[in-house]
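Let's work through a few exercises together. Keep the sequence and the 3D view open as you go.

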Amino acid sequence: GAYCLAIQSRGKMFVIRDRFGIRPLSLGRLKSGAWIVASETCALDLVGAKFIRDVRPGEMLTFTKDKEPKSEQIFEPDYHPCAFEYIYFARPDSIIDGKNIYNMRLKMGKQLAKETPANVDLVLPVPDSGVAAARGFAEELGVPFEMGIVRNHYVGRTFIEPTQEIRELKVKLKLSPIKELIAGKRVAIVDDSLVRGTTSKQIVKMLKDAGATEVHMRI
């Protein structure tokens, strides 16, 4: 059931990606010549490694000192990646299986606008993971896009808090609307996903309190 497995034995390192490719896995190389494997390409960028390629679903790489990694296809691939990598988990600057995450989210936003358009004056994202999708949504509709909600990055995820009261308080601490952009406008708000609905309900109320005449939620 593991998404990726790394084993060290007798001077060798074995790395295996699950046959469904549920989670991403990237192979890179440092300037020193050492090999590196990471779940996202942004990690390779951080340490100055060159991205070589994606590890294939069901592939095992065997690393031995001073040798090229040996590749073996030990499981029959049945590619079923986790959609949430593209929607939320991955960083926008990462590339997963040849696809840039930011561009994927932009395309999702455009498709969302085609499927469920909204007659609005302004499109706002729920920062940060809703930004690219909201921009795509706005571009497809031909409506202005604004960062009309400010996020406090020192407040963590709200949906994992133990009580509804704490979750609602944390949403208020985490997100603040820019009233001057919102007042008197019909607003579409684009978020990456919906778990309990705590954030969505609070944001709708927040935007109405900031003077929005209509609030259209898109997920």
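**Exercise 1.** Which residues of E10 point one way, and which the other way?

*Solution.* Keep in mind that this is a predicted model. Start with the general rule: in a regular strand, side chains alternate between the two faces of the sheet. Now go along the strand: Leu122 and Leu124 point one way, while Val123 and Pro125 point the other way. Finally, check burial: all of these residues are buried.

**Exercise 2.** Find the strand that E10 is joined to by four bridges, and say how the two run.

*Solution.* The partner is E13, and the two strands run parallel. To locate the pairing on screen, look for Leu122, which stands opposite Val187 in E13.

**Exercise 3.** Which elements do the buried residues of H4 pack against?

*Solution.* First list the buried residues of this helix, residues 131–141: Val131, Ala132, Ala133, Ala134, Gly136, Phe137 and Ala138. Next, look at what they pack against: helix H3 (101–115) and the strands E10 (122–125), E13 (186–190) and E14 (214–218). Then step past the end of H4, where Gly142 follows with a positive phi, near 75 degrees.

**Exercise 4.** Classify the ring pair of Phe84 and Phe89.

*Solution.* The structure holds three aromatic pairs. In this one, the ring centres are 5.4 Å apart and the planes lie at 65 degrees. Plane angles over 60 degrees count as edge-to-face, so Phe84 and Phe89 form an edge-to-face pair. For accessibility, Phe84 is partly exposed at 31%, and Phe89 is partly exposed at 45%.

Definitions and conventions. Residues are numbered from 1 along each chain as its sequence is written. This is a predicted model: local features need pLDDT of at least 70, side-chain atom pairs count only at pLDDT 80 or more; totals for chains, interfaces and linings use all residues. Side-chain values use heavy atoms; hydrogens and water are left out. Buried means under 20% relative accessible area, exposed over 50%, partly exposed in between (1.4 Å probe, protein chains only). Contact means heavy atoms within 4.5 Å. Two strands pair if DSSP finds at least two bridges between them. Rings of Phe, Tyr and Trp (its six-membered ring) pair if their centres lie within 6.5 Å; planes under 30 degrees apart count as stacked, over 60 as edge-to-face and the rest as tilted.
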